[in-house]
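I opened this notebook to keep track of what I looked up, one topic at a time. The sequence and the structure come first.

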Amino acid sequence: MKQLINYLKGKLLMKILAALFTSTGLILGVIVCAILIVIAAYVGSQGSQNSDLEESDINISADVEQYREKVIEELNKHGIPEAVNLVLAIIMTESGGLHADVMQSSASKGLPPNSITDPFESIEVGVEYFANGYKYAREHATKNINETALQGYNYGNGYIKWAIERDGGWTAENAIEFARIHSNGKKRANGQYKYGNQEYVQKLFTYLIPNTGENDLVIKPLPGGNAVIEKAISEGSKYIGKSKYVFGGGRNQSDIAKGYFDCSSFVHYAFQQAGLTLGNLSSVTTDSLVNMGKRVSVNEVKRGDLVFFDTYKINGHVGIYLGNGEFLNCQSSGGVKVANMSSGYWKGVFRGVIVRVTE
């Protein structure tokens, strides 16, 4: 749409109008001008609507946020709905939503850059390519699943297998080494090797940082609340905006010090700080947590209960219920944060499984 507005304002349009407004073409010129004014007004109104889009929960622009529904649709087709923000961050990194090939996915079809001229087609092709690498990483990587898949989107999925065989998954060091190998050691003026973007993951993660104000605050205990629950919530919330989701992470002190958790290790950590041990840290999973306490109904849910969601599998994600439809969790987009299960994605994957681990 922005390209059309610029085109209508361009010199070519002026030449066309000048030709139309001759003594023999005055009426035709008036008609064409009126049509163009209507089109420009419509396009302008659409642009205004885009600028008024609701702010995203991550650091992406409205130009990228407008593609969220399409991204969700395509990810659902490939069975990885949890990767929405990852793909939106890819779009932000690749194009900022300002070019037709929004995911720069032409290359994955063996085409020259920007050969795809339909944003929706770009997302369809790009998500399919990303999904293949993401699923492989999820199945085979022993660490840094998201990072491995994301770097694979930039380097090509051959990197994913190589990184997993070498280190179990992405590391900043092997991302550089892969580029060195495939560039034959040749470097650009900025010091990077002449292959892909060795800092692709680091750049992309700057867009995944939560941008809501609450993510800078520690959740204060409720006066008169259960001491264990309030301590767990307060301690866990100290990592809001200061953590990263790592599948399999959070099971040793080194990871915890860095703020590396997955959903189950984070829940275990929070309650451990409050003096309640939910099984063995080294083997904690959502499957072990769902059997820790007693099941309660949705009507009985209260602050401190564990709430489960069907993501990549049944009861594949867990968080700590806060009240008013909100829960504290560590998730793939943004790490530890407060999320809402009353609407959007989390509502869609909640199946009513609630466990009470303490009264």
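**Helix pair.** I kept in mind that this is a predicted model, and I began with helix H5 (residues 68-77) and helix H7 (residues 119-140), whose axes come within 10 Å and cross at roughly 35°. I noted the crossing of H5 with H7 as right-handed. On the H5 side I found Lys70, Val71, Glu74 and Leu75, which meet Phe120, Ile123, Glu124 and Val127 of H7. Sorted by class, this contact has 5 nonpolar and 3 charged residues, and no polar ones.

**Phe130.** I then stayed in H7 and looked up Phe130, which is buried because its relative accessible area is 2%, below the 20% cut-off. Its contacts beyond four places in sequence include Ile80, Leu86, Ile90 and Tyr153. Leu150 also touches Phe130, and the C-alpha atoms of these two residues, 20 residues apart along the chain, are separated by 7.7 Å.

**Aromatic rings.** How many aromatic pairs does a search of the whole structure find? I recorded 20. One of them joins Tyr155 and Tyr195 in a tilted arrangement, 5.3 Å centre to centre with 50° between the planes. Tyr155 belongs to helix H8 and Tyr195 to the loop between helix H10 and helix H11, so the pair ties together parts that are 40 residues apart in sequence. I noted Tyr155 as buried at 6% relative accessibility, whereas Tyr195 is partly exposed at 23%.

**Lysine and ring.** My last entry is Lys244, whose charged end sits over the ring of Phe205, 5.7 Å from the ring centre.

Notes:
Residues are numbered from 1 along each chain as its sequence is written. This is a predicted model: local features need pLDDT of at least 70, side-chain atom pairs count only at pLDDT 80 or more; totals for chains, interfaces and linings use all residues. Side-chain values use heavy atoms; hydrogens and water are left out. Axes are lines fitted to C-alpha atoms, for helices over the stretch in contact, and angles run from 0 to 180 degrees between N-to-C directions. Helices (H or I, at least four residues) and strands (E, at least two) are DSSP runs, numbered from the N terminus. A crossing is left-handed if the near helix is turned anticlockwise from the far one by less than a right angle, and right-handed if clockwise. Contact means heavy atoms within 4.5 Å. Ala, Val, Leu, Ile, Met, Phe, Trp, Tyr, Cys and Pro count as nonpolar, Asp, Glu, Lys and Arg as charged, and the others, Gly among them, as polar. Buried means under 20% relative accessible area, exposed over 50%, partly exposed in between (1.4 Å probe, protein chains only). Rings of Phe, Tyr and Trp (its six-membered ring) pair if their centres lie within 6.5 Å; planes under 30 degrees apart count as stacked, over 60 as edge-to-face and the rest as tilted. A charge sits over a ring if NZ of Lys or CZ of Arg is within 6 Å of the ring centre and within 35 degrees of the ring normal.
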